[in-house]
Amino acid sequence: MRIAVCPGSFDPVTKGHLDIIERASRLFDKVIVLVSFNPSKRTTAAFTIEERMKLIMRVTEGMENVLVDCNSGLLADYLEQTGACAIVKGLRAVSDFEYEFQMALANKKLYPKAETVFLTTSTENMYLSSSVVKEIASLGGDISGFVPPEILDDIKERLFLKDHK
Ligand code: PNS
């Protein structure tokens, strides 16, 4: 069985993430969406790990070979434990490339049995990120084009800063 892992912060999951997960699910037998720890985003989280997992579970409900998990350690160790053969990541623009390339090389060094596979983001999601969603939602902007409809209200409720000036 060919298992792929889609790691990320997913704080929160966006339509861009969902597009990558859905396309990965057609390429691999099983896809694990892994809510992972990113040390550089430690202080900016809007949702807990459990909340993020639940949001992803809701939007991937119809995808039979997709499951959701979390990991607070190294991705390379998780790949080894699960026998995954690939890390799937979405690549939006040149600005993503250097960081993603560095992570792909580091993961290859730590766990040579897995490959990093980059899927180019669909053009409508080129500019999309969880940070952009969080900023727009916090200021009361319309994020319906950016996040799956099933979780729109949860995100609006959590992020809207009612007293922003
Ligand atoms: O969505 P993000 O925040 O860009 O995803 C980055 C993430 C979580 C995939 C990355 O920080 C990660 O893999 N964290 C797990 C810890 C780890 O293995 N770090 C070394 C990566 S080379």
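Mentor: A salt bridge is a side-chain nitrogen of Lys or Arg within 4 Å of a carboxyl oxygen of Asp or Glu. What you have here is a predicted model, in which local features need pLDDT of at least 70 and side-chain atom pairs count only at pLDDT 80 or more, while totals for chains, interfaces and linings use all residues. Residues are numbered from 1 along each chain as its sequence is written, and side-chain values use heavy atoms, with hydrogens and water left out.

Trainee: How many salt bridges does a search of the whole structure find?

Mentor: Side chains of opposite charge can pair when their charged atoms come close. In this model the search gives 9 salt bridges, among them the one between the side chains of Arg23 and Asp19, with an N to O distance of 2.9 Å. Because Arg23 and Asp19 are 4 residues apart in helix H1, about one helical turn separates them; helices (H or I, at least four residues) and strands (E, at least two) are DSSP runs numbered from the N terminus.

Trainee: Is Asp19 buried or exposed?

Mentor: Asp19 counts as buried because its relative accessibility is 19%. The side chain of Asp19 also makes a polar contact (N or O atoms within 3.5 Å; within protein, one must be able to donate a hydrogen and the other to accept it, and residues adjacent in sequence count only if both atoms are side-chain atoms), its partner being the side chain of Ser122 at 2.7 Å. Ser122 belongs to the loop between strand E5 (115–120) and helix H5 (130–138), and Ser122 is buried at a relative accessible area of 18%.

Trainee: Which side chain meets that of Glu22 in a salt bridge?

Mentor: The partner of Glu22 is Arg26, at 2.7 Å from N to O, and since these two residues are 4 residues apart in helix H1, they too are about one helical turn from each other. Glu22 counts as partly exposed at 31% relative accessibility, whereas Arg26, with a relative accessible area of 60%, is exposed.

Trainee: Where in the chain do Asp11 and Arg52 lie?

Mentor: Start with the contact itself, a salt bridge between the side chains of Asp11 and Arg52 at 3.5 Å, N to O. This pair links distant parts of the chain, 41 residues apart, with Asp11 in the loop between strand E1 (3–8) and helix H1 (15–27) and Arg52 in helix H2 (residues 49–59). Both residues are buried, and together with Lys134 they are linked in a network of salt bridges.

Trainee: What kind of peptide bond joins Asp11 and Pro12?

Mentor: As background, most residues other than glycine have a negative phi, and most peptide bonds are trans. Here the bond joining Asp11 and Pro12 is cis, with omega about 0°, and Pro12 lies in the loop between E1 and H1. Phe10, found in that loop between E1 and H1, has a positive phi near 50° although this residue is not glycine, and Phe10 is buried, its relative accessible area being 5%.

Trainee: How many residues surround the ligand, and which are the closest?

Mentor: A residue counts as near a molecule if one of its heavy atoms lies within 4 Å of it. The ligand is surrounded by 15 residues, the closest being Ser9, Phe37, Asn38, Lys41 and Leu75. A polar side-chain atom of Ser9 lies 2.5 Å from a ligand oxygen atom, an N or O atom in the side chain of Asn38 is 2.8 Å from an oxygen atom of the ligand, and Leu75 brings a backbone N or O atom to 2.8 Å from an oxygen atom of the ligand. Of the 540 Å² of accessible area that the ligand has on its own, the protein covers 83%; such areas come from the Shrake-Rupley method with a 1.4 Å probe, and for residues only the protein chains shown count as cover. The elements giving two or more residues to the shell around the ligand are E1 and helix H4 (94–110), and H4 gives the most, with 4 residues.

Trainee: How many residues apart in sequence are Ser36 and Ser72?

Mentor: Distance along the chain and distance in space should be read separately. Ser36 and Ser72 are 36 residues apart in sequence and 6.0 Å apart in space, C-alpha to C-alpha.

Conventions:
Buried means under 20% relative accessible area, exposed over 50%, partly exposed in between (1.4 Å probe, protein chains only).
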